[in-house]
Amino acid sequence: MHYWVRASSSDFGGTVPQSRSGHSAVNIGKSKVVVFGGLVDKRFLSDVVVFDIDNKLWFQPECTGNGSNGQVGPGPRAFHIAVAIDCHMFIFGGRFGSRRLGDFWVLDTDIWQWSELTSFGDLPSPRDFAAASAIGNRKIVMYGGWDGKKWLSDVYVLDTISLEWMQLPVTGSVPPPRCGHTATMVEKRLLIYGGRGGGGPIMGDLWALKGLIEEENETPGWTQLKLPGQAPSSRCGHTITSGGHYLLLFGGHGTGGWLSRYDIYYNDTIILDRLSAQWKRLPIGNEPPPARAYHSMTCLGSLYLLFGGFDGKSTFGDIWWLVPEEDPIAKRYTESPPKVLPENKDVGMENYNSQFAVKESQRESSAIVELQKKLDISVSLSRPGLQIMDELEDEEFLELASRLMGAGVFSNGQVSRIQATQVLRDHWKKSTPRSIPIKELGPLLRDYQRLIARHLANLQSTELGLPGKEAYTFYHLKNSSQLHMVDIPKLLEEYKKLLAD
């Protein structure tokens, strides 16, 4: 079990970074995390803020340097790539205003000195929203991005000693061009996941690239991986962070599904287990941070540090720990949950989001209390804020049942309502994903959640309230607008299984 715990002023000293999204944060060894750039309120940043892990201190170093135009370091930007090699942080590209950048910089974090690099070879075009990863202790691989006119699918390898770029010649099938994806080096392969592609679709595919290690003498080539388990929904602007034997995915945004013209933002935590080669939901014992994309996530031993991001309306400056239950930070949460704070619209580090604080303070009730409420199924049985409505109170559900059975079905009172419920469930039991109209998704999702709530109550488990989030893919959704087209087969499959149980 893991817990999300919002960082407090007692966790570290110094001045925390200001709110931002589209920034970078890299680990320099095990000693520090270096945050650079980003965007807040249409203002692009170029500051460097460092978290000293050993001393638990945030500070802003006084950097020196001399670029080609006389500036000390890189100009303001967001959505660039940043990769750490030993004590150096390499920066390439990004966006400033509407302009895509193609300059190349390195920061020596031992002496805090910037150097603008003149590289040669197959120089990559200016771009933003690319993704990159270190290959060992010498090279960097970069894939994709957006150059302002088209999505890219090229692969470049940089030798950080010779400063030579090489465009990797890849044969065979290749991933669709994309930006806003992640790129993570795992052993001898580069894994890319998600992103937004040509024409705008948001992707949920996973690809592996071989041929990056010279000693292996492999011909460069892509392979699409289709792993078992609870795969993430399609998204971009997420993070994937290496930690132990798994990769941890958090956040991002995707399309709002059939019923929404807008993007939706995620706060789910999913792992790719490298040992079993499958996707899994990380068991979380409390509410996650507010949903967001274009944040940063770094691994500090057994802890993860989340900072910043954007949710379509607000830019965040909050800092969160993701910790295993045995960690002292987790015990601090479980022994003394956060108190409800006054409402405050500031989403920076200094002020809690009051709505979230209320949710955290309203912890799931014990199994005994929930079982006492068993007969009043309208109460929330899993998550604060998720109201489970009885089918006899669900007017849209009953209206749909009425249309299936014919007019006047409720003239005989509650008995007919119960009969109508069974008719509608039989209808969905025989349905296929393609046969379900959009207008049925809301009632279907609510009935799915009703069946889960009752199933959980019948389990009489001391963990009541948690299994729903882990075992049922869509139980946590607030409404059907959060569904995607690709979710419908899975929703219907789980619904039919609940009916059978």
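**Exercise 1. Determine how Y143 and W222 are placed and how their rings are related.**

Solution. Y143 and W222 are both buried, where buried means under 20% relative accessible area, exposed over 50% and partly exposed in between, computed with a 1.4 Å probe on protein chains only. The model is predicted, so local features need pLDDT of at least 70 and side-chain atom pairs count only at pLDDT 80 or more, while totals for chains, interfaces and linings use all residues. Residues are numbered from 1 along each chain as its sequence is written, and side-chain values use heavy atoms, with hydrogens and water left out.

Next, consider the rings. Rings of Phe, Tyr and Trp (for Trp the six-membered ring) pair if their centres lie within 6.5 Å; planes under 30 degrees apart count as stacked, over 60 as edge-to-face and the rest as tilted. By this rule there are 23 aromatic pairs. One of them joins F51 and W58, a tilted pair with 5.0 Å centre to centre and 35° between the planes. F51 is buried at 2% relative accessibility, and W58 is buried at 3%. Y143 and W222 form an edge-to-face pair, with 5.2 Å centre to centre and 65° between the planes. Y143 belongs to strand 16 (residues 139-146) and W222 to strand 23 (residues 221-225), so the pair ties together parts that are 79 residues apart in sequence. Strands (E, at least two residues) are DSSP runs numbered from the N terminus.

Finally, one aromatic cluster is formed by F90, F92, F104, Y156 and W165.

**Exercise 2. Describe the pairing of strand 21.**

Solution. Two strands pair if DSSP finds at least two bridges between them. Strand 21 (residues 189-197) is mostly covered, with seven of its nine residues buried.

- Strand 19 (residues 178-179) is joined to strand 21 by two bridges, and the two run antiparallel; R178 has G197 as its bridge partner.
- Strand 20 (residues 182-186) pairs with strand 21 in the antiparallel sense over five bridges; T184 has L191 as its bridge partner. These strands form a hairpin with two residues between them, and E187 in the turn has a positive phi of about 55°.
- Strand 22 (residues 202-210) pairs with strand 21 in the antiparallel sense over six bridges; I192 has W207 as its bridge partner.

**Exercise 3. Count the disulfides and examine C179.**

Solution. A disulfide is a pair of cysteine sulfur atoms within 2.5 Å. The count by this rule is zero. The closest cysteine sulfur to that of C179 is in C236, at 6.8 Å, too far for a bond. C179 is buried at 9% relative accessibility.

**Exercise 4. Characterise the surroundings of D47.**

Solution. D47 lies in strand 5 (residues 43-52) and is buried, with a relative accessible area of 16%. Contact means heavy atoms within 4.5 Å. Leaving aside neighbours within four places in sequence, D47 is in contact with Q18, R20, V35, F36, G37 and Q60. With R20, the D47 side chain makes a side-chain polar contact at 2.8 Å. A polar contact is a pair of N or O atoms within 3.5 Å; within protein, one must be able to donate a hydrogen and the other to accept it, and residues adjacent in sequence count only if both atoms are side-chain atoms.

Conventions: Helix = DSSP H or I, 4+ residues; strand = E, 2+ residues; numbered from the N terminus.
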